[in-house]
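Please look through the structure first, and then follow the questions.

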Amino acid sequence: MLSKKMNAALNKQIKIEGQSSQVYLAMASWAEIQPGIDNITTFFYRQSEEEREHMLKLIHFINDRGGFAEIPAFDKPSLTFPSLKHAFHELLKHEIMVSKSINKLVEASLKEKDYATHNFLQWYVAEQIEEEGLARTLNDKLELIGDEKSGLYLFDRDILGVAVEDPNAPTP
Ligand code: OFO
């Protein structure tokens, strides 16, 4: 059974995951109207979908453990970006914020000796390591490319090959 305090803390994370989904959905919509970056657009849509799944996973966990998952309102995300670089920088900043939030939840679960929640959160810990790492790699690549059009072409061509894998997915 979830404590009221843990339930409230997990509810906050629902908002953070759902907000992430909105932030990346806005990036996807913006990218979609920029010429020649179809795969980057797909990448953002995919990230948005993944974040929605992270939110759903939390909702089910809370409700299954005798709590109540409250569905929050979301804040309006940034709709446009001065450049692709800015969008990816935002993505990295956002993932760092999410990681911090997950770490705080882990800490809270240990304090309460809520080992079921602690165990559940390990999936998010692993996921954040992957996602932060990916965001850093993409930012580094964009930095190298600078204003080179051919570099951006290759970046767009390759981006879908570097998607984050579910850390719990069975190995093929
Ligand atoms: Fe939910 O994994 Fe990133 O933010």
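The questions and answers below set computed values against the definitions behind the words.

Q: What kind of model is this, and how are its residues numbered?
A: This is a predicted model, in which local features need pLDDT of at least 70 and side-chain atom pairs count only at pLDDT 80 or more, while totals for chains, interfaces and linings use all residues. Residues are numbered from 1 along each chain as its sequence is written, and side-chain values use heavy atoms, with hydrogens and water left out.

Q: How many helices and strands are there in the protein chain?
A: Helices are DSSP runs of H or I with at least four residues, strands are runs of E with at least two, and both are numbered from the N terminus. The protein chain has five helices and zero strands, which gives the pattern α-α-α-α-α when read along the sequence.

Q: Why is the protein chain called as compact as a globular protein of its length?
A: The radius of gyration is taken over C-alpha atoms, and the globule rule is 2.2 Å times the number of residues to the power 0.38. For 172 residues this rule gives 16 Å, and the radius of gyration of the protein chain, 17 Å, is close to that, so the chain is as compact as a globular protein of that length. Along its principal axes, the C-alpha trace spans about 55 × 35 × 25 Å.

Q: What makes a set of residues a nonpolar core, and which members of the largest one touch the most others?
A: A nonpolar core is a set of buried Ala, Val, Leu, Ile, Met, Phe, Trp, Tyr and Cys residues joined through side-chain atoms within 4.5 Å, where buried means under 20% relative accessible area, exposed over 50%, and partly exposed in between, with a 1.4 Å probe and protein chains only. The largest such core has 23 residues, of which I40, F43, F44, F88 and F155 touch the most other members. Helices α1 (4-32), α2 (38-64), α3 (84-111) and α4 (115-145) each supply at least two residues of this core, and the largest share, six residues, comes from α1. Apart from this core lies another, of 19 residues, among them I14, F61, L121 and W123.

Q: Which residues does F43 contact, leaving aside its neighbours within four places in sequence?
A: Contact means heavy atoms within 4.5 Å, and on that basis F43 is in contact with F88, L91, L134, L138, I159 and L160.

Q: Why is E132 called buried, and which residue does E132 pair with?
A: The relative accessible area of E132 is 16%, which falls under the limit of 20%, so E132 counts as buried. E132 forms a salt bridge with R136, the closest N and O atoms being 2.6 Å apart. R136, at 38% relative accessibility, counts as partly exposed.

How values were computed. A salt bridge is a side-chain nitrogen of Lys or Arg within 4 Å of a carboxyl oxygen of Asp or Glu.
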